[in-house]
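Visitor: I would like to learn how to read a structure. Please take me through it one feature at a time.

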Amino acid sequence: MIKLDIVNNVVGRTNITRTKAEQAVETVFEAMKNALGRGQRIELRRFGVFNVKPRKTGIGRNPKTGEEVSIPPGKAVRFKPGKELQSL
């Protein structure tokens, strides 16, 4: 499923125009992205939880040369599905 499929689903279930549906879907995704960027947790009941976790530094290897490479610390978005989603 891609974003266009979500927009089409919104148009099919409601009586709004495709342009308004695209704006609504884009607004929701932008709000989620901004919240995660600020380190906030997003909880969607019966669907799941998105949160940002810190990632530790590490040591990797260059597959071509085998040389060790330092991996800097960062952040990763994690998703934990809700009970209804897990039971699919």
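Visitor: In what order do the elements of the chain run from the N terminus on?
Guide: Helices (H or I, at least four residues) and strands (E, at least two) are DSSP runs, numbered from the N terminus. Here the order is α-α-β-β-β-β-β-α, which comes to three helices and five strands. This is a predicted model, in which local features need pLDDT of at least 70 and side-chain atom pairs count only at pLDDT 80 or more, while totals for chains, interfaces and linings use all residues. Residues are numbered from 1 along each chain as its sequence is written, and side-chain values use heavy atoms, with hydrogens and water left out.

Visitor: What radius of gyration does the chain have, and what would a compact globule of 88 residues have?
Guide: The radius of gyration is taken over C-alpha atoms, and the globule rule is 2.2 Å times the number of residues to the power 0.38. For a compact globule of 88 residues the value would be near 12 Å, but this chain has 19 Å. The C-alpha trace spans about 60 × 30 × 30 Å along its principal axes.

Visitor: What percentage of the residues of the chain count as buried?
Guide: Buried means under 20% relative accessible area, exposed over 50%, and partly exposed in between (1.4 Å probe, protein chains only). Of the 88 residues, 15% count as buried. One case is V7 in helix α1 (residues 3-13); V7 is buried because its relative accessibility is 4%. The C-alpha atoms of V7 and T27 are 12 Å apart, and 20 residues separate the two along the chain.

Visitor: How many salt bridges does a search of the whole structure find?
Guide: A salt bridge is a side-chain nitrogen of Lys or Arg within 4 Å of a carboxyl oxygen of Asp or Glu. The search finds six. One of the pairs is K3 with E26, at 2.7 Å from N to O. This pair links distant parts of the chain, with K3 in helix α1 and E26 in helix α2 (residues 18-37), 23 residues apart. K3 is partly exposed at 38%, and E26 is partly exposed at 36%.

Visitor: Which residues are linked in a network of salt bridges?
Guide: The network links R41, E43 and R45. Within the pair E43 and R45, the closest N and O atoms are 3.1 Å apart. E43 is partly exposed, at 38% relative accessibility, whereas R45 is exposed at 69%.

Visitor: What is there to read at R46?
Guide: R46 has a phi near 65°, a positive value in a residue other than glycine. R46 sits in the loop between β1 (42-44) and β2 and is exposed, with a relative accessible area of 65%. The side chain of R46 also meets that of E84 in a salt bridge (3.4 Å, N to O). E84 lies in helix α3 (residues 83-86) and R46 in that loop, so the pair ties together parts that are 38 residues apart in sequence. E84 is partly exposed at 46%.

Visitor: Which residues form the positive surface patch?
Guide: Patches are made of residues with over 30% relative accessible area and no salt bridge, and like charges are joined within 9 Å. Lys and Arg count as positive. Here the patch is formed by K53, R55, R78 and K80. Strands β2 (48-55) and β5 (74-81) each supply at least two of its residues. K80, in strand β5, is exposed, with a relative accessible area of 61%.

Conventions
Patches are made of residues with over 30% relative accessible area and no salt bridge: like charges are joined within 9 Å, nonpolar side chains (Val, Leu, Ile, Met, Phe, Trp, Tyr) within 5 Å. Accessible areas come from the Shrake-Rupley method with a 1.4 Å probe; for residues, only the protein chains shown count as cover. The place of a charge is taken as NZ of Lys, CZ of Arg, CG of Asp or CD of Glu.
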